[in-house]
Amino acid sequence: MDGFPILSLMLAVPLVAGFICLAVDARTARTVALAATLIDFALGIVLWCQFDIGGAQWQFQESKPLFSGFAWKLGIDGIALLLIELSVFLMPICILASHSIDKRVGEYMAAFLVMETLMIGVFAAQDLFLFYIFFEAGLIPMYLIIGVWGGAERIYASYKFFLYTLLGSVLMLIAMIWMAKDAGTTDIPTLMAYDFAPEAQKWLWLAFFASFAVKMPMWPVHTWLPDAHVQAPTAGSVILAGVLLKMGGYGFIRFSLPMFPQASADFAWLIYWLSMIAVVVTSLIALVQHDMKKLIAYSSVAHMAIVTVGLFAFNTQGLEGSMIVMLSHGLVSGALFLSVGVIYDRLHTREIDRYGGLSINMPNYALFFMLFTMASVGLPGTSGFVGEFLALTGIYQQSSLVAFVAGTGVILGAGYMLYLYRRIAFGDQKNADAAAMPDLSPREWFMLAPIAAVVLWMGVYPESFMAPMRNDIHALEARLAASKPAGDAQLTAGKPVTATQPAEHGEAQ
Amino acid sequence: MDWAQSLRIVAPEELLSVSAIVLLVASAWGQTRRDARAVTWLSILTLFIAAVMTAPVLLQGVRGDAALAFGGLFSGDAFAAFAKLLIYIAAGASLLVAPAFFEKYRAYRPEYPVLVLFAVLGMGIMVSATNLLTLYIGLELNSLAAYVLAAFLKPDERSAEAGLKYFVLGALASGILLFGMSLTYGFTGTTDFAGISAALSGGTVSKGALFGLTFILAGLAFKISAVPFHMWTPDVYEGAPTPVTTLFASAPKVAALALTMRVALEAFGPQAAAWQQIVIFAAVASIVVGALGAIGQGNIKRLLAYSSINNVGFILLGLAAGTPEGASAMLFYLAVYVAMTLGGFVAVLMLKDAEGNHIEAIADIAGLSRTRPLLAAGLAMVMFSLAGIPPFLGFWGKFVVFQAVVGAGMVPLAALGIAASVIGAFYYLKVVKVMYFDEPVDKATGRSDMAHEWLLATCVLFISPLGYLIKCLPALAAVAASILFPAA
């Protein structure tokens, strides 16, 4: 595989397929899109198999000075690898979930395929400005997806999504330009090791924060998310929750932390407070929602807050935990949106009250929904547990207050998710039309079963997912070590008693 | 004075003037539709030959004394060549789209391309001027032709109104400019750019010269429609026939901006601190007013007019930087801007109802993506590019400008400018929203001309991510810009 531009190929496949989709009829477009995403998924598996765990930090590097001002420079480390895997894994499922789309199918598929290219590009870019172009260009297809195929309030939601995220990102661009000028390079790995002046770091950090906090989203700039989620078509919500939100976390872990370690430490309190507020406030908001998608959207904000506290714990557990929460949340929230989509396609309402007792007429569905609910709550054995446990362990070493408040998120999460599950799946079959809904079709099985399998895999044997990124997390921790703030945990090393030879049995002393 | 060399340097201008005069005389005998078309093609051919003659100057990076003609009145250097090439391309494109439009109203006449040639000649002189008098001659030659062009659609009242407005306000601006020139002459004793620069280079600048500078900049700000001298733009752009608006929004903008660069950087270069704040104000005000003004517009030509005000603001940011990077960023942005503007107006020209009447109301293009998917996609790409959303080339135009501004140490200015660009994104998105999200009204169903389609396709390809692959463009812009900074 040496020297073969597999990343470029992964970017090209969906892009080309996207253009094909524009030209063909609806049926063919579906097939082409599914085929292209499956090819990309296969390439993703090849990528993972070829990835040399414990080898060079940056692998599959490509560099071509194609443009003036920046380079076509790709390459991934373990962190990027996992996020790319998440993207290519979710995409075929999204295409399958788009069965109920019946207007302008070709354009719809094209938008999704272009989106896939851009998502992979964000995670694979190694040039600052190339990253920005991918990062920002993703707004266009998502704007169209929400605006054309969304619900009743789609236009408001699409504007809000676009302008909110754009305003967040443009300041980051100015910061990037300044960085490139100061460091004299646009190469991300070089910049990750470059020491900016402490005073400059503050401004740069804030500019990047403006962008990633919106993307993440963090309280109080999260308000675009519920609107966008509720209005977007099912597959759009899956991509939004599954991958786009992860770009914020990826941004923190790739840019803010390694490039501005001092500023990250200085502003950790800001992250902590915003995250603590987010965990409690958005969880409580989720508790009172009547709309299923809105509820899951608010739960996303709460989960992302756990990611941010984990990231700013400045230790291995926190960083690893955050990564696992991101992956897990990508799968679980995606699966939850798919589950909502399954019943929405049947009844065309997201009102929780219109359902009830689904475990009677849709037992298989109820089972899957239960699994994803539990994973979202963080039940041991599911992916949610691993991530949240690690992230909270990490932050506990840094601040017990933050760990305590963030920990309530798990309890509140159990509250709103179980409450949701009870209202949907248990109780009386109070609505006749809901009671008449058929169980999962084979297509829906194909959508939900793979995610369920991965959720369990990640919950039972997380090592598969932690191994590729271990070295990168350690490198990041080493980079942060110098500026790591003192935690309030009074960690003292244990005093092991020198082992004395135990007296032989029966021997008198 | 070496006449032969001078005549060689102004060869493109000679070609343009001779062709324009010959075609003008010829058109006295041929007033049929076929004649008009023939004159149009000959004019385009003339522009093409002029471009071929100009290109080597840019490629060789001709500068300094080798470029000066007529005792330093005129400079055919690489900077002028860059601007001229853009002007020729823009003018050629707006000639290409004209016949189909005017024939609809039975108003096409061979004088139209001739007037465009004269305007182009004036613009060429503007960008080559190294003396205030040459500058004025070029500017007036361009303006007089432009006033007539704005009123060219005789049956249409709006066109006559646009012509009159343009004339009255343009004359006023010329007066302000002349007043500034006379003050400058009075306090520096010369009209030559190099001479002014030398006179101003020592220590503080006198009050009178400062007034002169301010008035000159005000006059030029009118020509480039920078805030607060922008009021005429939406009215004239809306009223003038669309092919004329296409021309106004592209070629004269290039000429006037290039001229402003020359005046500010060559003549008043030593006193950069004196004009920088004026330029910064004009730039930021243009960005904000252009963006806010566009939001309420229901006519797509008015919207594009405000968009051009907005874009001029971004270009001026490059001037505010006052560095070679800033100047080269301006030139690059101008090239991208020309492509976006041409694409935008050509798309507008292609919007016709079933009877072939032109559609200008934004509400009438609702759901265009269903009835004319390719046209809608093209216009949407132009809009995203104008908004500066990557991966379109409009983003890179803004990017290089901000890079220059940050490079000059003006980070707050860059942050302000880029934050204001988000306001602009709102109305560009509105056009996309109307075309893609709204239910079709099935108004814009008419067929469009082949020439229009090809032109739009070319512009869109240029602003698409493929445009990043044209690596020579930023390089040429840098070469051209370096001319204005002889010391560097």
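Let's start with one residue, Ile174(A). Leaving out residues up to four places away in sequence, Ile174(A) touches Ala207(A), Phe402(B), Val406(B), Val411(B), Ala414(B), Ala415(B) and Ile418(B). One thing before I go on: this is a predicted model.

Ile174(A) also comes up in the largest nonpolar core. That core has 409 residues. Ile174(A), Phe82(B) and Val120(B) are the ones with the most contacts inside it. Which helix gives the most to this core? H15(B) does, with 19 residues.

Now the contact between the chains. Chain A puts in 26 residues, and chain B puts in 26 residues. H7(A) has the largest share, 13 residues.

Is it buried or exposed? Of its 11 residues, 11 are buried, so H6(A) is largely enclosed by the rest of the structure. Among the buried residues are Pro141(A), Tyr143(A), Gly147(A) and Trp149(A).

Next, helix pairs. Two packed helices are described by the angle between their axes and the distance between the axes.

Pair one is in chain A. H1 (residues 6-23) packs on H2 (residues 26-50) at about 175°, and the axes are 9 Å apart. The cut-off for roughly antiparallel is over 145 degrees, so H1(A) is roughly antiparallel to H2(A). From H1(A), the contact includes Ile6(A), Leu9(A), Val13(A) and Ala17(A). From H2(A), it includes Ala29(A), Val32(A), Thr37(A), Asp40(A) and Leu43(A). The tally is 16 nonpolar, 1 polar and 1 charged.

Pair two is also in chain A. The axes of H17 (residues 363-377) and H21 (residues 442-460) come within 11 Å and cross at roughly 35°. The crossing is left-handed. H17(A) brings Phe368(A), Leu371(A) and Ala375(A). H21(A) brings Leu448(A), Ala452(A) and Val455(A).

Pair three takes us to chain B, and back to H15(B). H15 (residues 324-349) packs with H17 (residues 373-387) of chain B at an angle of about 145°, with the axes 9 Å apart. This crossing is left-handed. H15(B) contributes Met340(B), Gly343(B), Gly344(B) and Ala347(B). On the H17(B) side are Leu375(B), Gly378(B), Leu379(B), Val382(B), Ser385(B) and Leu386(B). Here the count is 6 nonpolar, 4 polar and no charged.

Last stop, one serine. Ser197(B) is in helix H9 (residues 193-200) of chain B. How exposed is Ser197(B)? It has 19 C-beta neighbours inside 10 Å, so it counts as partly exposed. The cut-off for buried is 20 or more.

What does Ser197(B) touch, leaving aside its neighbours within four places in sequence? Glu266(B), Ala267(B), Gly269(B) and Pro270(B). Gln271(B) is 74 residues from Ser197(B) in sequence. In space, the two are 8.4 Å apart, C-alpha to C-alpha.

To recap: Ile174(A) is among the residues with the most contacts inside the largest nonpolar core. H7(A) gives the largest share of the chain A side that touches chain B. H15(B) gives the most to the core.

Methods
Residues are numbered from 1 along each chain as its sequence is written. Chains are lettered from A and ligands numbered from 1 in the order in which they are written. This is a predicted model: local features need pLDDT of at least 70, side-chain atom pairs count only at pLDDT 80 or more; totals for chains, interfaces and linings use all residues. Axes are lines fitted to C-alpha atoms, for helices over the stretch in contact, and angles run from 0 to 180 degrees between N-to-C directions. Helices (H or I, at least four residues) and strands (E, at least two) are DSSP runs, numbered from the N terminus. A crossing is left-handed if the near helix is turned anticlockwise from the far one by less than a right angle, and right-handed if clockwise. Two residues are in contact if their C-beta atoms, placed from the backbone, lie within 7 Å. Ala, Val, Leu, Ile, Met, Phe, Trp, Tyr, Cys and Pro count as nonpolar, Asp, Glu, Lys and Arg as charged, and the others, Gly among them, as polar. A nonpolar core is a set of buried Ala, Val, Leu, Ile, Met, Phe, Trp, Tyr and Cys residues joined through C-beta atoms within 7 Å. A residue is buried if 20 or more other C-beta atoms lie within 10 Å of its own, exposed if 12 or fewer, and partly exposed in between; C-beta atoms are placed from the backbone. Angles under 35 degrees count as roughly parallel, over 145 as roughly antiparallel, 65 to 115 as roughly perpendicular and the rest as oblique.
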